[in-house]
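Here are my notes on this one, jotted down while going through the model. Have it open alongside as you read.

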Amino acid sequence: MNPKLLFWVPVALRLAFGAAGVGVLWWWLGPTTALWTALLLVLGMALVQLHYLFQLSGWLDNPHSAKLPDGWGEWTPVFSRLYRMRRDDEKNKAELTEWLARFRQAMHLLPDGVVIMDDVLFLEWCNPAAEEHLGLRQERDKGMRVTNLVRSPDFMDYLILGRYDQPLTLSFRGRKLIVHIIPFENRRQILVTHDVTETERTDMMRRDFIANASHELRTPLTVIVGFLEIAASEQLDKDTRQAHLKLMMEQGHRMQHLIEDMLTLSRLESLDHPMRAERVDVVQLLQRVQRDAQALSTGKHEITLDVQGGDVMGSCDELYSAFGNLAANAVRYTPAGGRIDLRWEDTASGVRFVVRDNGIGISREHISRLTERFYRVDKSRSRETQGTGLGLAIVKHVLLRHSGTLTIESEPGKGSTFTVNLPKSLTASPAQLAAHAA
Ligand code: ADP
């Protein structure tokens, strides 16, 4: 039914009943009694209205805790509608609080920074990622101008010029950030920061790798093409031709080594090739490494092997590649007559492989960079000895896949010690050894 009718019909009925009652009294007991009765009725009704008005006013002062009365007469629908409104309001509020909590949680977990500023760039709110990216503190900096907090000329120019159709690439506090500004709600703007430091670094590494690899391949290729041009344009005697062929072959092998090493590295880095752990027969593996080193040395070095530690679980091929690279380096960077010791031993934290030489050594400033791809202390020496500049990068990746570490100690002119530490988790258990023997 129409709410207006619902209100007015009982009121009209009550008034009609009252008037009829007074009319009956007038006819029966005379006008004086009827008028006094009417006056008392009006007074009673006024008192009832005042009572409920007083209750309503008390409830409005404290609508949370005070309970609404049921009411009487026309007050009943008023109070019940107020009660329904209050209940809906509380439900909406609870929903809103829940949404706000979820929104806050999402903003806390967001890897991108979000800053809400007013139209004159005063900070209103920011999430933890924005605090980290821009060095802000929500509690401390609220109400301060963002350009005073983020002190960077590029950032200030960007905000002052207000050309927000293009994002800003900002270098700030050792990070590379992509900054977007999005105006919203007439007088507010959202600033979003996206950290691209890591992506930039890997992009740069990839670019460097391609440039280095191309350079490394171009040098031997130039030599080969040069000799081929000579051979095509001149009649060469047999000795010269033989000498040219020998040099071309050397350059060809160099390219071959380089490509093999690049493929090994890419396999090691690829997620599609997870490390397959098998029991590694360390004595057999290290004897092979020693034999290869002896072949490379052609009897010019004394190469010893001492195996004290137990077997490990790991990738045989990968460990052979890593240990072989370390032993080959020891041969290549130790002058003839030098000594190279290969040692395998148990340690408190696992097991270690040590390659010690008394070769040319490495000065301190180079040590931390040796495992970078194509990093060489002496380029010409590395090339003379068929080096690709990728050997220690391969070692690093193999060890990463085996949760191992490499430490390098060296003194120029005295020699170097390369130590591979493998964790206890890789040391083969008796059950694994028995399973393999069966
Ligand atoms: P390369 O193919 O040039 O040997 P590596 O990655 O194996 O590349 O080694 C990087 C550089 O580390 C080498 O160029 C060399 O300068 C240095 N190096 C590695 N092992 C030794 C060592 N045992 N003694 C001296 N220098 C070494």
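1. Starting with Ser 403: this residue is exposed, at 56% relative accessible area (exposed means over 50%, buried under 20%, partly exposed in between, with a 1.4 Å probe and protein chains only). Ser 403 lies in the loop that links H14 to strand E11 (405-411); helices (H or I, at least four residues) and strands (E, at least two) are DSSP runs numbered from the N terminus. Its phi is positive, near 55°, and it is not a glycine. Most residues other than glycine have a negative phi.

2. Some housekeeping. This is a predicted model, with local features needing pLDDT of at least 70 and side-chain atom pairs counting only at pLDDT 80 or more, while totals for chains, interfaces and linings use all residues. Residues are numbered from 1 along each chain as its sequence is written, and side-chain values use heavy atoms, with hydrogens and water left out.

3. H14 is mostly covered, with nine of its eleven residues buried. Those nine are Gly 391, Leu 392, Ala 393, Ile 394, Val 395, His 397, Val 398, Leu 399 and Arg 401. They pack against H9, H11, E11 and strand E12 (415-423), where contact means heavy atoms within 4.5 Å.

4. You'll find Thr 298 in the loop between H10 and strand E7 (302-307), and at 55% relative accessibility it counts as exposed.

5. How far apart are the end C-alpha atoms of helix H9 (residues 238-269)? They are 46 Å apart, which agrees with the 46 Å that its 32 residues should span at 1.5 Å a residue; the expected span is 1.5 Å times one less than the number of residues. At the start of H9, a side-chain oxygen of Asp 237 comes to within 3.1 Å of the backbone nitrogen of Asp 239.

6. Staying with H9, its buried residues are His 244, Met 248, Gln 251, Arg 254, Met 255, Leu 258, Asp 261, Met 262, Thr 264, Leu 265 and Leu 268. The cover over them includes helix H8 (197-233), helix H11 (316-332), helix H13 (379-384) and helix H14 (391-401).

7. On to a helix pair. Two packed helices are described by the angle between their axes and the distance between the axes. For helix H10 (residues 282-297) and H11, the axes come within 9 Å and cross at roughly 35°; axes are lines fitted to C-alpha atoms over the stretch in contact, and angles run from 0 to 180 degrees between N-to-C directions. The crossing is right-handed, a term for a near helix turned clockwise from the far one by less than a right angle, left-handed being anticlockwise. Among the residues that meet are Leu 285, Leu 286 and Val 289 in H10, and Leu 319, Tyr 320 and Phe 323 in H11.

8. Is Arg 332 buried or exposed? Arg 332, in helix H11, is buried, with a relative accessible area of 16%. Its side chain makes a polar contact with the side chain of Asn 329 at 2.7 Å (a pair of N or O atoms within 3.5 Å; within protein, one must be able to donate a hydrogen and the other to accept it, and residues adjacent in sequence count only if both atoms are side-chain atoms). Leaving out residues up to four places away in sequence, Arg 332 touches Leu 296, Arg 381, Ser 382, Thr 385, Gln 386 and Gly 387.

9. Ser 315 sits in the loop between strand E8 (312-314) and H11. At 8% relative accessibility, Ser 315 counts as buried. Beyond residues up to four places away in sequence, its contacts are Met 275, Arg 276, Glu 278, Val 280 and His 402.

10. Ser 349 is in the loop between strand E9 (339-347) and strand E10 (350-357). Its C-alpha is 8.0 Å from that of Leu 422, although the two are 73 residues apart along the chain. Setting aside neighbours within four places in sequence, Ser 349 is in contact with Leu 422, Pro 423 and Lys 424.

11. Last, the annotation. The unreviewed UniProt entry gives residues 34-54 as "transmembrane region"; UniProt positions are in the numbering used here, feature names are shortened, and annotations may be inferred rather than shown by experiment. In the model, residues 34-54 are 100% helix and 0% strand, with the end C-alpha atoms 30 Å apart.
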